[in-house]
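User: I have a model open and want to learn how to read it. Can we go feature by feature?

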Amino acid sequence: MQLYNKLSANERAELIKKAGKERLTLSFYKYARISNPQEFRDQLFIKWRSLDVLGRIYVATEGINAQLSLPADNFENFKTHLDSIDFLENVRLNIAVEQDNMSFLKLKVKVRDKIVADGLNDETFDVTNKGIHVNAEKFNDLIEDKNTVLVDMRNHYESEIGHFKNAVTPDVDTFRESLDIIEDDLKAHKEDKNLVMYCTGGIRCEKASAYFKHKGFKNVYQLEGGIIEYTRQVNEKALENKFIGKNFVFDERRAERISDDVIAQCHQCGEPCDTHVNCANDACHLLFIQCESCKTEMNNCCSSTCKDIHALPYEEQKALRKGQGNSNDIFKKGRADYLPYKKDLRNIFENLNPTQD
């Protein structure tokens, strides 16, 4: 019985091309108590492999977080399977704004300690005691309220290419970093301010809203379905779109364009650009923003050093990598010291005075 992916990304891409079927990219999550995550994981893999599902799925005792694609003509069977699982019946599915048949090229279902890494002791708060979910229309009203603090719960490299107008965008590399920072900066306003949060699809906000309620915040809200669902509702109901730029996504597409605004810049030349790439040097693989001109000049690399290595024959590159771990720069997500136009660190509340009238 096959319980793991056995095909390379290139082999899978060829199969998708030959199949000639349109695929749907979607995501969902659910916090729930799963007593045996490994058994549940194996059952999902077997069933979803039969439906030609590809993607990145995390299962833990606290629930499931899934980002995936599947042939459009298998969607109904997939939905029927989800509905057959008690805690996933009628779960909200976030359909991608922009579709791409190659968004995922492997099926990876992994058991993790948590579906969202938070660095917290789960026994200290109830993750189901969440904040108030609001739709796009209510969200638009809330963020115009002078008593609202709007916080982006994503990482700096996500908000760099797109965010809501007037949002506080924490300069953090991980979700866990933002929790204590936000609590500390807003601790004097736990009762007199609306704390409104958003993220890509809602999963990070759901946990954050429960955490901040546990910490004493009285008026906690989250954008239901995140930026993905917000965009769908804005388009469907002809609402004002208050999101500017692109929505970063964690698959081969890298991002979905929500508005025509380009709010970021190429990390190498400073020209307006919001296209994330990975350095072509396999020993580096740094995620950064690169325009077409720099891409051509630097041969898809982030630095002259990487460009020189990438130009070597493959066997020489492989020999250089032997015994070497990944550079810590890969965790900097566009903040490597040698990138002249990287995003600067700053106080996340420098443009916000919560006490103003």
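User: How much accessible surface does the protein have, and what share belongs to carbon and sulfur atoms?

Analyst: Bear in mind that this is a predicted model. Read the total area, then the share by atom type. Here the accessible surface comes to about 17500 Å². Carbon and sulfur atoms hold 45% of that surface.

User: What share of the residues is buried?

Analyst: Buried means under 20% relative accessible area. By that cut-off, 51% of the 357 residues are buried.

User: How do I read the fold?

Analyst: Start with the elements, then the overall dimensions. The protein has eleven helices and 14 strands. Its radius of gyration is 21 Å, close to the 21 Å from the globule rule for 357 residues, so the protein is as compact as a globular protein of that length. The C-alpha atoms fill a box of roughly 60 × 50 × 40 Å along the principal axes.

User: Which residues touch the most other members of the largest nonpolar core?

Analyst: A nonpolar core is a set of buried nonpolar residues joined through side-chain atoms within 4.5 Å. The largest has 29 residues, and Phe28, Trp48, Ile64, Leu68 and Phe78 touch the most other members. Elements giving two or more residues to this core include helix H1 (9-19), strand E1 (23-31) and helix H2 (37-50). Another core, of 27 residues, lies apart from it; Val127 and Phe212 are among its members.

User: What does Ile64 touch, leaving out residues up to four places away in sequence?

Analyst: Its partners include Phe28, Phe40, Leu44, Trp48, Phe87 and Ile115.

Technical notes. Residues numbered from 1 in each chain as written. Predicted model: local features only at pLDDT ≥ 70, side-chain atom pairs only at ≥ 80, totals over all residues. Heavy atoms only, no water. Helix = DSSP H or I, 4+ residues; strand = E, 2+ residues; numbered from the N terminus. Rg over C-alpha atoms; globule rule 2.2 N^0.38 Å. Buried < 20%, exposed > 50% of the residue type's maximum accessible area, 1.4 Å probe, protein only. Areas by Shrake-Rupley, 256 points an atom, 1.4 Å probe, with all protein chains shown as cover. Contact = heavy atoms within 4.5 Å.
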